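Hi,

Here is the structure I promised to pass on to you. Have a look at it first, and then read my notes below.

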Amino acid sequence: MGSIIGNNLKRWWAMTLTIVVTYYLLLLLSLIIRFGNVPNYINLFDWWGNLIRILESTPSLRDSLTIIKDEWLLEVGYMNYDFGMGISEWSLFIVPAKVLMVLLLSGLVSTNFLLLRHSQSCQAVSPMDARTSGTATGIGASLMAIASITLSWVVCCSTPTWVVGLAMLGLGATTALWLEPLGSWLNVVGLFLLVAVSFHLARPEVIENAPMGDLA
């Protein structure tokens, strides 16, 4: 695995970062299409300063990490000024902890793509195995992507969460919020699938049979 990534490092980084940027652009685009409004405000938060204050003022490190994982860095949204000073109808939040999860899933997807491309070129896996690996990668990435959504909608009256996407699709807000705790399980299952595919495609008999030219 390391040899394939190492010999394709620039491509791996390009793919990984492209997936991350595309992910957040698609989230923003989905909001614009769903509500028919373009963003009219941006808020930049002092994430680093807030992190330091949390660590200094919270005795328990475990509690500190729990709070930090929900700290916001950036908010892009639409403010409706028909209500006095205005009310934020919807917004997309950039939360560093969630960005790291998206970066992780993007890195694993890129890794699986390179491994799958290599294993197919050296005919180390059957077409059925390749399709199964590709499907498992897609499912794992989708689960992690859904659980990493950080959208806010005034109807849900909650902090940015993945279930806002479900509510936007028509699921009742109460039901959507009831499903919110399942987000951690979606991440775990998605991560397991992505890692399992990586190890499956990186097994020794596949890597050792690699044509040297294909690793470059």
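**Aromatic rings and nonpolar cores**

Phe35, Tyr78, Trp90 and Trp153 are joined into a cluster by ring pairs. Please keep in mind that this is a predicted model. The count of aromatic pairs comes to eight.

One of these pairs is Phe45 with Trp72, which is edge-to-face, at 5.6 Å centre to centre and 65 degrees between the planes. It links distant parts of the chain, 27 residues apart: Phe45 sits in the loop between strand S1 (41-44) and helix H3 (47-57), and Trp72 in the loop between helix H4 (61-68) and S2. Phe45 is partly exposed, with a relative accessible area of 26%, and Trp72 is partly exposed too, at 29%.

Trp72 also pairs with Phe93: the ring centres are 4.2 Å apart and the planes are at 50 degrees, so this pair is tilted. Because Trp72 lies in the loop between H4 and S2 and Phe93 in strand S3, the pair ties together parts that are 21 residues apart in sequence. Phe93 counts as buried because its relative accessibility is 3%, under the 20% cut-off.

Now to the cores. The largest nonpolar core has 34 residues, and Tyr24 and Leu151 have the most contacts inside it. Several elements each supply at least two of its residues, including strand S2 (74-80), strand S3 (87-94) and helix H5 (96-121). H2 gives the most, with seven residues. Beyond its neighbours within four places in sequence, Leu151 is in contact with residues including Leu27, Leu31, Pro160 and Met168. Another core, of eleven residues, lies apart from the largest one, and among its members are Ile4, Trp12, Leu114 and Val197.

Best wishes

Conventions
Residues numbered from 1 in each chain as written. Predicted model: local features only at pLDDT ≥ 70, side-chain atom pairs only at ≥ 80, totals over all residues. Heavy atoms only, no water. Core = buried A, V, L, I, M, F, W, Y, C linked by side-chain atoms within 4.5 Å. Buried < 20%, exposed > 50% of the residue type's maximum accessible area, 1.4 Å probe, protein only. Helix = DSSP H or I, 4+ residues; strand = E, 2+ residues; numbered from the N terminus. Contact = heavy atoms within 4.5 Å. Phe/Tyr/Trp six-rings, centres within 6.5 Å; stacked < 30°, edge-to-face > 60°.
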